[in-house]
Amino acid sequence: MFQAAELDPPRSRKAALAYLSARWPLGLFGLLVLLTSLIALAYASLPLWAWFVLEPDAPWDIVFSALGGLFLLFLCAQGGRGLAQLDEQLARRHLGPSETELLRRRVGELAETRAGVMQAVHDERRRIERDLHDGVQQRLVALGMLLGRARRATDPAKADALLHQAHEESAHALTDLRETAWRIYPAALDERGLAAALEGLAERSVIPVQVSYELDGTPPPVPVQTVAYFVAAEAVTNTLKHSGATRADIRVTRRDTEVIVRIEDDGDGGAPRRPTTGGLLGLSRRVAALDGRLDVDSPPGGPTVITAELPCG
């Protein structure tokens, strides 16, 4: 549907005059359609008033006239619709942005999304570095210290106890490494697809997460599946950190050529509709890189609903 906001101010007085000169015949034709519609309405309503005013001799004449009036109303409605479409095309042609302006806008959008993707990649690298430094690296440092103490111990019992602690620390380090690798990119996404990756996300969540995967047929492209997964993962993470929710629902559906990812929780709400910092900002940049749209609906008191629309075409 054509929106007035899509129009630019006239590029010149010449363009405005050209639009007006092309539009006035449509106005005259529209007036003709309006008058014809009034006549058709009068004929279509004959059965309601003709019996009291005209006193017709043949009732069938009123019936046929009413049917003709209804048909004429239908033609007038189609003519009005066609006039509206012609008016829209004229407005776009004379008042809308030129091809050069459209290209300039598109280049600006691509430059903005590219910068956003670069920033999102930078933020992701920093997050991975923090996870490795604060998690796995600390575990490995502790493991090395335990092994060093065990080597220097002269009491066999104490050495055995230190080796036992080192074994437990190595298991914790391996768990942290697996969790970090899963947050970076889950192997299930490549091996078994988006549905399996979301099920794994639900299993690892502290709160109950219900997954509804309703995509049939050909799976979405890999970039779309990747962004869909990280949208769901970040939304669940924010739910755990900030909302105080007791459950979350993830629903993945298809609408025309778009994949719709919808995450809803029963938390306290209050998330900004247009995020400027944090994980949601990174998600909006990921989604924008695919020419998609991220919507956050989180009124105070909840619930919070995050919807990502990801084009597949």
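Predicted model: local features only at pLDDT ≥ 70, side-chain atom pairs only at ≥ 80, totals over all residues.
Residues are numbered from 1 along each chain as its sequence is written, and side-chain values use heavy atoms, leaving out hydrogens and water. Local features need pLDDT of at least 70 and side-chain atom pairs count only at pLDDT 80 or more, while totals for chains, interfaces and linings use all residues.

**Stop one: the largest core.** Select Leu198, Tyr229, Val231, Ile250 and Val261. Of the 34 residues in the largest nonpolar core, these touch the most other members. A nonpolar core here is a set of buried Ala, Val, Leu, Ile, Met, Phe, Trp, Tyr and Cys residues joined through side-chain atoms within 4.5 Å; buried means under 20% relative accessible area, exposed over 50%, and partly exposed in between (1.4 Å probe, protein chains only).

Now centre on Ile250. Beyond its neighbours within four places in sequence, Ile250 is in contact (heavy atoms within 4.5 Å) with residues including Leu198, Val211, Ala232 and Ile263.

**Stop three: the cysteines.** Stay on Cys76, which counts as buried because its relative accessibility is 9%. Then select Cys312, at 22% and therefore partly exposed. The structure holds zero disulfides (pairs of cysteine sulfur atoms within 2.5 Å).

**Last stop: the rings.** Select Tyr229 and Phe230, both buried. Their ring centres lie 5.3 Å apart with planes at 75°, so the pair is edge-to-face. Rings of Phe, Tyr and Trp (its six-membered ring) pair if their centres lie within 6.5 Å; planes under 30 degrees apart count as stacked, over 60 as edge-to-face and the rest as tilted.
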